[in-house]
Amino acid sequence: MQLRTVLASVARRWYLVVAGMLVTGLLCMSIQTSAPEKYKSQASLVLMPSSQSIGDAGNPYLYLGGMSEALDILIRKITSQPVKERLLANFGSATYVAEPDRGTSGAILVITATADNPEETMAVLKAVMDETPRSLNDMQAALDVAVPARITTMSLLVDRQAVPEVKARTQLVLIAGAGGVLLTLVLSVLVDGLLMTRKRRKEASRKDTLRPEQPPHRRAAHDTKETDEEIHGVLPLSSGSS
């Protein structure tokens with residue numbers, strides 16, 4: 001469908017567009033005010049090399065490379081379904097995400113907790129932070145890694161308080177707004193097409209009604225002429241005719 005046709009339909013059915021925009025605006029306002037409030041908090045943990053690998057006088061920050069595989073395994077461990085169910089058993093609809101820090105090349109883990117209120121959000125974050133070194137230690141203990149050779153964790157950044165999560169609500173509002181505008185335009189074009197088709201049919205029917213009828217003698221002569229033309233057109237001429 002051409003853009004000019006769409007614009008013409010919208011211009012003719014402007015009242016439908018206005019009504020659709022009002023309904024869309026009310027829907028966006030309803031989502032903005034009724035969507036449940038969510039809070040989030042974050043923490044960053046870095047995997048530290050073992051004391052055995054750096055020695056007594058070594059600098060651990062010079063040995064941070066080569067632990068990305070351990071970080072991936074740790075993330076799988078703390079985000080597994082059994083661990084999540086255990087950590088979130090007393091927190092209702094709260095949840096958390098653990099992922100590597102994409103902005104650095106080091107083995108840094110970013111934990112994001114989300115819940116319905118600030119207190120619960122911070123409690124979930126603390127629970128995951130406590131679980132992370134414990135899971136890392138259990139993984140190494142299962143392989144009988146000596147304690148001096150075990151990787152440990154260190155906290156880098158921890159939010160002191162949870163902040164409102166507005167991204168999800170904004171996304172809902174934008175989706176509702178875009179969907180409402182698109183639906184308004186489609187309905188306007190469809191309604192305009194139906195009404196224009198009905199109008200053309202009425203005009204055609206009115207023209208047929210107002211068309212003057214031929215007098216009986218002219219109509220009879222016209223019918224006779226058409227019959228003669230059909231006969232001469234169908235029957236072949238005889239070969240002896242002059």
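The questions below concern a predicted model.

Q: How many helices and strands does the chain have, and in what order do they run?
A: The chain has eight helices and five strands. From the N terminus on, their order is α-α-β-α-α-α-β-β-α-β-β-α-α. Of the 242 residues in the chain, 29% are buried.

Q: Why are α1 and α2 called roughly perpendicular?
A: Helix α1 (residues 3-12) and helix α2 (residues 14-34) pack at an angle of about 85 degrees, and their axes are 4 Å apart. Angles of 65 to 115 degrees count as roughly perpendicular, and α1 and α2 are therefore described in this way.

Q: Which residues of α1 and α2 meet, and of what class are they?
A: From α1, V10, A11 and R12 meet W14, Y15 and V17 of α2. By class, this contact of α1 with α2 has five nonpolar residues, one charged residue and no polar residue.

Q: What makes R13 buried or exposed?
A: R13 is placed in the loop between α1 and α2. Its relative accessibility is 12%, and the cut-off for buried is under 20%; R13 therefore counts as buried. Leaving aside residues up to four places away in sequence, R13 touches S188, D192, L195 and M196.

Q: Why is β3 said to be largely enclosed by the rest of the structure?
A: Eight of the eight residues of β3 are buried, so the strand is largely enclosed by the rest of the structure. I108, V110, T112 and T114 point one way from β3, whereas L109, I111, A113 and A115 point the other way, and all are buried.

Q: How do you know that β3 pairs with β1 and with β2?
A: At least two bridges are needed for two strands to pair. β1 and β3 are joined over eight bridges in the antiparallel sense, and S41 stands opposite A113 in β3. Between β2 and β3, which run antiparallel, there are six bridges; here T95 stands opposite T114 in β3. Both counts, eight and six, meet the cut-off of at least two.

Q: What makes up the largest nonpolar core, and which elements supply it?
A: The largest nonpolar core has 30 residues, and those with the most contacts inside it are L47, Y96, L109, I111 and V124. At least two residues of this core come from each of β1 (39-48), α4 (68-78), α5 (81-87), β2 (95-100), β3 (108-115) and α6 (118-142). Beyond four places away in sequence, I111 touches S41, Q42, A43, L45, V97, L125, V128, M129 and T132.

Q: Why is D144 called exposed, and what is its phi value?
A: D144 lies in the loop between α6 and β4 (152-158). Exposed requires over 50% relative accessibility; D144 has 69% and therefore counts as exposed. The phi of D144 is near 60 degrees, a positive value in a residue other than glycine.

How values were computed
Residues are numbered from 1 along each chain as its sequence is written. This is a predicted model: local features need pLDDT of at least 70, side-chain atom pairs count only at pLDDT 80 or more; totals for chains, interfaces and linings use all residues. Side-chain values use heavy atoms; hydrogens and water are left out. A nonpolar core is a set of buried Ala, Val, Leu, Ile, Met, Phe, Trp, Tyr and Cys residues joined through side-chain atoms within 4.5 Å. Buried means under 20% relative accessible area, exposed over 50%, partly exposed in between (1.4 Å probe, protein chains only). Contact means heavy atoms within 4.5 Å. Axes are lines fitted to C-alpha atoms, for helices over the stretch in contact, and angles run from 0 to 180 degrees between N-to-C directions. Angles under 35 degrees count as roughly parallel, over 145 as roughly antiparallel, 65 to 115 as roughly perpendicular and the rest as oblique. Ala, Val, Leu, Ile, Met, Phe, Trp, Tyr, Cys and Pro count as nonpolar, Asp, Glu, Lys and Arg as charged, and the others, Gly among them, as polar.
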